[in-house]
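Okay, thanks everyone, I'll keep this brief. Let me put the structure up and then walk you through the parts I'd like to talk about.

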Amino acid sequence: MSIRRFRLGASRFGAPLAAALALCAFALPALGAPAPDSLQAAVQAGAHAFANDSFGGHSTCIACHSNGGFGPGKTPSGMALPSLQGAAARFPQWRGGKLVTLQMQVTRCIRGAFGGTPPAPDSARMAELLTYLTALSRGVPMGQQLPELKAPASH
Ligand code: HEC
């Protein structure tokens, strides 16, 4: 008798509970994208940030680097920008008497080009952006701007 009553109680609460759980499962991803669980997912997260994230500023990467960075770009003032395909392979650069890494360039674009707050250097978001930019350079010979190194003589 008591077991039956318990079962009855469970089924009475079962439907609302299932509905609440389903709502949670539906609502959770909306609170923030789930952490990427593979390299491919990290590239996609970077592509998503590239296209959609304003980093608290007034623009997004694709406003200047069109077509997800594939296409040639253009600043609002009309300055032509090269495609970002292969760009990651051309960093670091020596520019204006300073060493500029790919990450410094991303920070420069977010802060300088659209007044946003760059993600912390060791944050997941920065890593995803750099991963996406590196994927845009897949297969491109890397570091051709750098001097050729010779292995030190071994003893
Ligand atoms: C308002 C325009 C603008 C926006 C928005 C912008 N950039 Fe840039 N980007 C530039 C300009 C201008 C350059 C040329 C170098 C410089 O002046 O820093 C550049 C250069 C770059 C380069 C180097 C290209 C090369 O071949 O040397 C990378 C990589 C880059 N941007 C990534 C990004 C990323 C990632 C975002 C979004 C987080 C972004 N940019 C948003 C204007 C912009």
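So, start with the ligand: helix 4 gives the most to the shell around the ligand, with 7 residues. Keep in mind that this is a predicted model. Which elements give two or more residues to that shell? Those are helix 3, at 61–64, plus helix 4 and helix 5.

There are 22 residues around the ligand, and the ones that come nearest are Cys61, Cys64, Ala87, Cys109 and Ala113. If you sort the shell by class, you get 16 nonpolar residues, 4 polar and 2 charged.

Now, helix packing. You describe two packed helices by the angle between their axes and the distance between the axes. For helix 4, residues 102–114, and helix 5, residues 124–135, the axes come within 11 Å and cross at roughly 110 degrees. That makes helix 4 roughly perpendicular to helix 5, since 65 to 115 degrees is the range for that word. The crossing of helix 4 past helix 5 is right-handed.

Who makes the contact? On helix 4 it's Leu102, Gln103 and Val106, and on helix 5 it's Met126, Leu129, Leu130 and Leu133. By class, that contact of helix 4 with helix 5 has 6 nonpolar residues, 1 polar and no charged ones.

Last bit, confidence. The protein averages a pLDDT of 85, and 79% of the residues score at least 70. Over residues 1–31, though, pLDDT stays under 50, and the model has 1 contact beyond four places in sequence for that stretch.

Terms used
Residues are numbered from 1 along each chain as its sequence is written. This is a predicted model: local features need pLDDT of at least 70, side-chain atom pairs count only at pLDDT 80 or more; totals for chains, interfaces and linings use all residues. Axes are lines fitted to C-alpha atoms, for helices over the stretch in contact, and angles run from 0 to 180 degrees between N-to-C directions. Helices (H or I, at least four residues) and strands (E, at least two) are DSSP runs, numbered from the N terminus. Angles under 35 degrees count as roughly parallel, over 145 as roughly antiparallel, 65 to 115 as roughly perpendicular and the rest as oblique. A crossing is left-handed if the near helix is turned anticlockwise from the far one by less than a right angle, and right-handed if clockwise. Two residues are in contact if their C-beta atoms, placed from the backbone, lie within 7 Å. Ala, Val, Leu, Ile, Met, Phe, Trp, Tyr, Cys and Pro count as nonpolar, Asp, Glu, Lys and Arg as charged, and the others, Gly among them, as polar. A residue is near a molecule or strand if its C-beta atom, placed from the backbone, lies within 6 Å of it. pLDDT is the predictor's confidence in each residue, from 0 to 100.
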